[in-house]
Amino acid sequence: MKTVLLYLKKYSRKMSCGFFIKTVGTMAELMLPYILTHILTNVMGKSVNNIVFWGVLMLICSFISCALNIIANRMAALVSKNFAEDVRKDLFRKTLLLSAAQTDKFTIPSLESRITTDTYNVHHFINMIQRMGVRAPIMLIGGISITLFMDAALSLVMIAILPFIFTTVYFISKKGVPLYTKVQKSVDRMVRVVREDSQGIRVIKALSKTDYEQRRYDEVNRELVKNETTAGVIMGSVNPVMTMFMNIGSVAVIALSSGRVANGLSSPETVIAFMQYFTHISMSMMAVTRIFVMYTKCAASAKRIAEVLNTKEDIKVKSEKEYPDISKDFHIVFDKVTFSYNKKRNNLENISFKLKKGDSLGIIGATGSGKSTIIKHLMRFYDIDKGGIYINGEDIRTIEKNRLYTMFGSAQQYDFLYADTIEENIKFGRDISFEQIVKAAKTAQAHDFITSFSDGYNHLLSQHGTNISGGQKQRLLITRALAANPEILILDDSSSALDYKTDAALRAALNESAKNTTFITVAQRVSSVKDCNLILVMDNGKIIGCGTHESLLESCNEYREISDSQMGGAFVE
Amino acid sequence: MLNRPEKKKIDRKTARNILIRILGYVMKYWYLFIPSIVMTLFSNQLSLLGPKYSGEAIDAIANISGVDFTAVQKNIILMLICYIFSAVLSYLLAVLMIYISQKIVYTMRCQLFEKLLSLPVGYFDTHPTGDIISRISYDIDTLNSTLSHDLVQVMTSIYTVVGSLVFMWNISKPLILVFVITVPTAIIFTRYRSKKVRPLFRKRSRKLGELNGYAEEMLSGLRTIQAYSREEEIGNRFNKRNNDSMNAYYEADYYGGTMGPSVGFINNLSISLIMILGGILYMYSQNGTTPQGTLFFITLGGVAQFVQYSRKFAGPINEFANIITEFQSALSAAERIFKVLDEEPETEDSFGALKLEKTDGKVDFNNVVFGYSPDKTILHGISLTASPGKTIAIVGPTGAGKTTIINLLMRFYDVSDGSVTLDGNDIRNITRKSLRKTYTMVLQDTWLFCGTIYDNIAYGRENATFEEVKAAAKAAKIDSYIESLPDGYNTILTDDGINISKGQKQLITIARAMISNSQILILDEATSNVDSRTEIKIQEAMNELMKGRTCFIIAHRLSTIQNADKIIVLQNGKITESGNHDELMKKGGFYSTLYNSQFE
């Protein structure tokens, strides 16, 4: 809650201004029962003019309170809107900066609901607290202090009720926070199923698994209903319990006053006036408890938001002292790199290689042998356990994130295309001229199919690019990687859906156009890597072969096997 | 960016229809709803009686001949009984309403989900996942809170309003005249306001849906955004939507926020008028101008009671203004929910559609013409025959329509012209479910859900035993990898599955296919992410899988294809070559060029 509340600091002036207006408005409102009792006890039955005078005064007060309340409400709406916008903005930014390991921990659907539902809950609360949070306490305190003047003894009876009310509300609300946290968790689970199924609808239909999915959904749906019901049933008791206490208070007041009136300590008029205030006070008590109930829901959400906002960056830029530079002779250097995801079994072991600027590297190997893991480390999605990775002689751990990432153009296995034009998907928010885009598209063999759409580069893709074929997607992703003329071009298994002809044309065009670019390709086809200056053959996280196509054919059994299996052996000279 | 055209305003008729539909859900639980109405009546009656007894108690205290203690005592006990029972009843009522609303919400979520699963696959291509999620979570939530809180409020309000009116009628009829002025003012004002505010609330829901859609889409591309260091730019774009959505929220709030204070003002107006009028009446009653028992007579306690009841009377009208605001957003939310529910599902199975029990696996395309949209035809008159147990390979440049053929086979879409038949039956005359059961499909887009690896493989067939799952994984050459994981088959796959590669995912989906026992197999780039050595290793299992089944294969790796019984070359939506490997090589057309290109 604290982390989130800090966002309000910026608006403290506006808020206090709103509070002030609201206070004045509430004061005017508080005048109403005062005037009312005045009329009832003093003015009544004396003169018509007097009655009309006080009546009109009541009207003026209610008008003032109405006008000021509207103004204050609007200010509250503005503050809470700006506040929620800020929180959501930072939350989204922070989410974008989370490392791979951190996103894995939070999971995407949960992050998503933090950005949407949780922020919404907090927004709602901040809005309401500004409206009711001032009015209710002022009405409460004002009401009580006026009654104290009227008849202190009667007032004390009422005050005696308050601790009961507050402790009950406090305990119930305290119980409420974990309940709402639980509700929010089941919402996450439900959203996850909907999300997965929206994305996998083809497979589900193809396997006729709709019944199964419905059962799976039903399970989370039931759980959600169960948790919501529990939370609702517990929190639902706040209001009746409160009302009952208040009403019992009013009974006590009457009981006590009968004795006091009989003894001449109080008058029936005072009792009547007292009851008027009593209604006001109990109404504001009601509002205070509503704030409590809302608070429980908000606190659960605020906690979830703060969890993300307070996540420390785990991939930090380190000092050069700690990770000193090496010579700049090579563009990319891997020096005895070792890494393990689960810190049990090594996913990369002792990986070393060197590339000069403009060189090309091919990585080949079985599924799960660690090919993509090398790429992920070159781009520092994870930090290595041992060894060092250097670009231009600098340890990548010392390179500022932005500078590091702009060195790369990469088309990876996580193909991400979004609902927008083709041009925008290639540009990806970077400052790239249309000529450059077309040039890149031509190299990536994408220009022809793009121009085959009647609206060309303005053709709209659907989300995840589901309205184009797999091969077309890959070529767009390669175009995106090429478009900014990166220092290092990485194609991680990104031509697998291309037919051989297109793939060959792509490779030829790449050789032609990107001479100064250091080029890394991860592939399963020998044909995709055979022209590289250096080829690594990976197995089980280790390099088992290293060299050119020709040298590997001689020295590396596995490479030869792969090559034979793909090229039909006999055909290779 | 995509600008959706502003939708038309909800007119009164649609609003009424939506309301009637919601009521339809409520009435399904009439057996809970009727007790809740009864409870509302009792609970309110009790709380209305409270002020009556307190008024009588005060009158007893104000008794000119000294305090009437027995009357006070009697009234105090009555008050206590009323208040305690009223509290118990109102809690029970709240619980009951939670049950009802949760039942409704449960049903709605189920229906919505069921509907989603019945929609054609194209729906998911055109509707952002985030927006769908926003409907099933946020919109239903909004409706839920209206149902569970506001519905009771409305019922309570109606009763309180009527009840207080009766009490006030008994105290003083002339004073009620005040409401002749104020109530219509309140009603006219609220109506006028809500007309203005309603479209703002719809905009608010829609903008929020868009924001959620964008958030979900971008988060799914988190890794790519980081790889290109685009956090700044994407963050800015998100902010634009964030800003839009928050402004829409603010606008609705801005106008919605005037409602409460204004109605409050109208109520205070009526109390002031009551005080003026009541004061004058009391004066004439006191000095004897109006004798007791006549129309204009009123006591001091009477005025006090009248004010108290007028508060009770006005309270709900005041709340009503807030509730109307809530109702506005609930209506917009309900509209978005119903919109999905009214979406055209995949066409119903035709009447008397065949339920396939067994199939030989003979598939025919007869002059099939198809386009996803009427103005762009993808397939121009495709005819082909797949005999039982034979393997048909489809090759062609990307975008030629290969995947479209699969979409038609599975009846994700219906042909525009011509027909697809299975064992001679037009597939449009076969129930979708039984038709799809005859296929097993492995796609390039691997889809795994969050669950254990075991569950993901067993997904291919219900009641698969652990041995069968393991055998399938072994055949797909993924068993040893799975066993190397700390949790083995119980490893839970998460969203991005960071430490599992695409190739491994594909092997899992192949294992999933191996476990199913359908007659027809569709492999759409099934091994595109698997390295060729592993592919050779699983080839044997694949051959086993393909044996006796009709197979459709789409692949670029021609080694997978050359053994096919028939190879079809698809170019620009037409079949340009067809025959087996040798025949096509001899022909020296597109296929042979393609084949030779892999050795270049």
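**Note on the predicted model: chain contact, helix pair and domains**

1. The contact between the chains draws 144 residues from chain A and 141 residues from chain B, two residues being in contact if their C-beta atoms, placed from the backbone, lie within 7 Å. This is a predicted model, in which local features need pLDDT of at least 70, side-chain atom pairs count only at pLDDT 80 or more, and totals for chains, interfaces and linings use all residues. Residues are numbered from 1 along each chain as its sequence is written, while chains are lettered from A and ligands numbered from 1 in the order in which they are written.

2. On the side of chain B that touches chain A, α3(B) supplies the largest share, 22 residues. Helices (H or I, at least four residues) and strands (E, at least two) are DSSP runs, numbered from the N terminus. That side of chain B comprises 74 nonpolar, 46 polar and 21 charged residues. Here Ala, Val, Leu, Ile, Met, Phe, Trp, Tyr, Cys and Pro count as nonpolar, Asp, Glu, Lys and Arg as charged, and the others, Gly among them, as polar.

3. Helix α8 (residues 210–235) of chain A and helix α3 (residues 69–118) of chain B have axes that come within 10 Å and cross at roughly 160°. Axes are lines fitted to C-alpha atoms, for helices over the stretch in contact, and angles run from 0 to 180 degrees between N-to-C directions. α8(A) and α3(B) are therefore roughly antiparallel to each other, the term applying to angles over 145 degrees.

4. The residues that make this helix contact include A:Y217, A:N221 and A:V225 of α8(A), and B:Y99, B:Y106 and B:F113 of α3(B). By class, the contact of α8(A) with α3(B) has 11 nonpolar, 6 polar and 5 charged residues.

5. Chain A is divided into domain 1 (2–188 + 237–309), domain 2 (318–407 + 488–567) and domain 3 (412–485), with bounds from an automatic or database domain assignment. Between domain 2 and domain 3 of chain A, the C-alpha centres lie 25 Å apart. Their contact takes 15 residues from domain 2 of chain A and 12 residues from domain 3 of chain A. On the domain 2 side, α17(A) gives the most, with 6 residues.

6. As to confidence, chain A has a mean pLDDT of 85, and 98% of its residues reach 70 or more; pLDDT is the predictor's confidence in each residue, from 0 to 100. Over residues 568–573 of chain A, pLDDT stays under 50, and the model has 4 contacts beyond four places in sequence for them.

Key:
Parallel < 35°, antiparallel > 145°, perpendicular 65-115°, else oblique.
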